[in-house]
Amino acid sequence: MSAAERRSRLEELAPELVAELTETHEKSRELPALEGAENGVVMRFAPNPSGPLHLGHARASVLNDYYVKRYGGRYVLRVEDTDPRRVDPEAYAMVLEDIEWLGLGITDIVYQSDRLDIYYDWCRRLIELGGGYVCVCDSERFRELKLKGKACPCRERTVEENLELWQKMLDQEFYEGDATVRVKTELDHPDPAMRDYSAMRIVNTPLHPRVENTVFPLMNFSVAVDDHLLGITHVIRGKDHIANTRRQRYLFDYFGWKPPVYRHYGRMGISGVVLSTSGMREGIKSGLYTGWDDIHLGTMRAIARRGIEPEAVRNAMIDIGIGETDISFSWENLYSRNKEIVDPKANRYFFVPDPVEVTVEDAPYREAHAALHPGDPARGVRTLVAEGRILLPRADIEGRSMVRLKDLYNVGIAWDGDTPRVSYAGDALEDARREKAPIIQWLPADAKLPCTLLQQDGTLEGFCEPSVAGEANRVVQFERIGFARVDSVEGGRVSAYFAHR
RNA sequence: GCUGCUAUAGUGUAGGGGCCAAUCAUGUCGGCCUUUCACGCCGACGACAGGGGUUCGAAUCCCCUUAGCAGCACCA
């Protein structure tokens, strides 16, 4: 049966069910199941506290969050602050704020800098097992040997000698770069990236903001140890970690641990915003950006400032899923997700950009009552009093001989060069329809608020309704323009950020 | 270069031998509704990277080609 046949047949049998045929099944899609997750999971989100969270973190954190919520279990926030060079003391708080904004169901928080002794302990055990050794070679020299598949002299040392050197590292008898602990792997591993990778290194400067230690684990070591100790069952991360997963596997093997189940999703290209933490930091420093929430950045706080709701980010990320294919992030899709959340909530207002103030000749006194939300009459109306002096958006009247002022009346426009002469042209909506006059927004000249609408590609200056002042920090819809978040109302001026149409 | 992964409409995604002349969403274009160019509704457009195999049958399995990506750090 064709679709049309099925439909007409259903109409005969059960007309009340026809609606279901076209119902949009927009409940967020089910992502693929995770093997071995039936009895609950322990997952983690492991950001480096070098700045606030951005879109890239959003994907990782939301996807893991999705599975924890789906299967039940624990969700560990593990702050990976083992590189003093890449720790921004202020980022600790920012990460927490962003997580709260995203609504992640974090159940546990651990800081790797609190766990240094644990890593030292397991490092000692690794050496005792013969799985690790202290290498005092120059890193360049080691690299050359590695590429040839050759062992460095340090590899031949006994466990006792290694233990002694390791203690010297901890006792600060080595300086940065002079010694490192390596994990023994196959020296002839086809991928040179696997060969005797580093597990521990020394960092003397800068000082770590939270601890005084100078010996720090490299991520492959701390991650493997923590994943095991914290009981992590499933890991969802980007495919840039595939090689790391392989490296970490050596540790699981040495210690006889069962590794978690891994899923590596593809690379996500994001255009239109700055994403690299260092790039953002430099831009902020140089004054190019106003701060971490500058709307040209891809941080969660920038996105929030633009009126994107956390649920929209979440839905967009789940939509994208955990596919291994490289994808390009679609702002369109995110906006669409946001619109479905924000449209039912946002009150409607007039915003007149680039205004022309005119006197409407022969204008009768009128009070316009415009719905705060056309889909929800119960919300009431805003009342605008028109006494003759009004503001019109220049772009909407240019070249026109007639427009209808929404919820008010029609006006005719005679052009005297660039100067419009505007006159009352009746109340009948039908007249406007017949003349194909556009229905546009307007404002009374004596009841308006200056309003700046900031968009990524420029700023719109104009005026909005006075009651927008009561919408601070909320998303509104400026009719015919789009959704915007009212950022601040100060000194009688409104500043709003454009979200999307 | 080496090691590995991936390849479905503009974008994201479903589909893992027959139910696929391929799903859903988004987008674009028409139309309806409407005192917003919003929302809602209707319709249209639009893809299995290319080439070989295997098979009665391939988007699905295999091989090659091409393309993209990742890693090749004493970063995470």
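## The loop at Asp-362

Asp-362 lies in the loop between strand 14 (355-361) and strand 15 (366-371). Helices here (H or I, at least four residues) and strands (E, at least two) are DSSP runs, numbered from the N terminus. Phi of Asp-362 is near 60 degrees, a positive value in a residue other than glycine. Most residues other than glycine have a negative phi, and most peptide bonds are trans.

This is a predicted model: local features need pLDDT of at least 70, side-chain atom pairs need pLDDT 80 or more, and totals for chains, interfaces and linings use all residues. Residues are numbered from 1 along each chain as its sequence is written, chains are lettered from A and ligands numbered from 1 in the order in which they are written, and side-chain values use heavy atoms, with hydrogens and water left out.

Two strands pair if DSSP finds at least two bridges between them. Axes are lines fitted to C-alpha atoms, for helices over the stretch in contact, and angles run from 0 to 180 degrees between N-to-C directions.

Strand 4 pairs with strand 5 over 4 bridges, in the antiparallel sense. Gly-132 has Val-183 of strand 5 as its bridge partner. Contact means heavy atoms within 4.5 Å. The loop between strand 6 and strand 7 holds Pro-206. The peptide bond from Thr-205 to Pro-206 is cis, with omega near -5 degrees.

An open sheet of 7 strands runs in the order 12-25-26-27-23-24-13, with mixed pairing. Strand 12 (347-349) and strand 13 (351-353) stand at its edges; each has a single partner strand, so one side of each is left without a neighbour in the sheet. From one strand to the next, the twist averages 40 degrees.

Strand 23 (residues 449-455) and strand 24 (residues 458-464) run antiparallel, joined by 7 bridges. Thr-452 stands opposite Glu-461 in strand 24. Helix 13 (residues 331-342) lies across strand 25 (475-478), strand 26 (482-490) and strand 27 (493-500). The angle of helix 13 to strand 27 is about 125 degrees.

## Helix pairs

Helix 3 (residues 55-71) and helix 12 cross at roughly 80 degrees, and their axes come within 9 Å. The two helices are therefore roughly perpendicular to each other. By angle, under 35 degrees counts as roughly parallel, over 145 as roughly antiparallel, 65 to 115 as roughly perpendicular and the rest as oblique. Residues in the contact include Val-62 and Tyr-66 of helix 3 and Met-317 and Ile-318 of helix 12. By class, this contact has 9 nonpolar, no polar and 4 charged residues. Ala, Val, Leu, Ile, Met, Phe, Trp, Tyr, Cys and Pro count as nonpolar, Asp, Glu, Lys and Arg as charged, and the others, Gly among them, as polar.

Helix 5 (residues 116-128) packs on helix 9 (residues 242-255) at about 70 degrees, with their axes 11 Å apart. This pair is therefore also roughly perpendicular. Trp-122, Arg-125 and Leu-126 in helix 5 meet Leu-251, Tyr-254 and Phe-255 in helix 9. That contact has 5 nonpolar, no polar and 1 charged residues.

## RNA strand B

A residue is near a strand if one of its heavy atoms lies within 4 Å of it. Of the 61 residues around RNA strand B, Arg-86, Leu-218, Asp-407, Arg-480 and Arg-501 come nearest. Sugar and phosphate make up 72% of the RNA atoms that come within 4 Å of the protein.

Sugar or linking oxygens of RNA strand B lie 3.3 Å from a side-chain N or O atom of Ser-198, 3.4 Å from one of Glu-324 and 3.2 Å from one of Arg-337. A polar contact is a pair of N or O atoms within 3.5 Å; within protein, one must be able to donate a hydrogen and the other to accept it, and residues adjacent in sequence count only if both atoms are side-chain atoms. Elements giving two or more residues to this surface include helix 6 (139-148), strand 5 (180-183), strand 6 (198-202), helix 12 (310-320) and helix 15 (429-434). Helix 13 gives the largest share, 5 residues.
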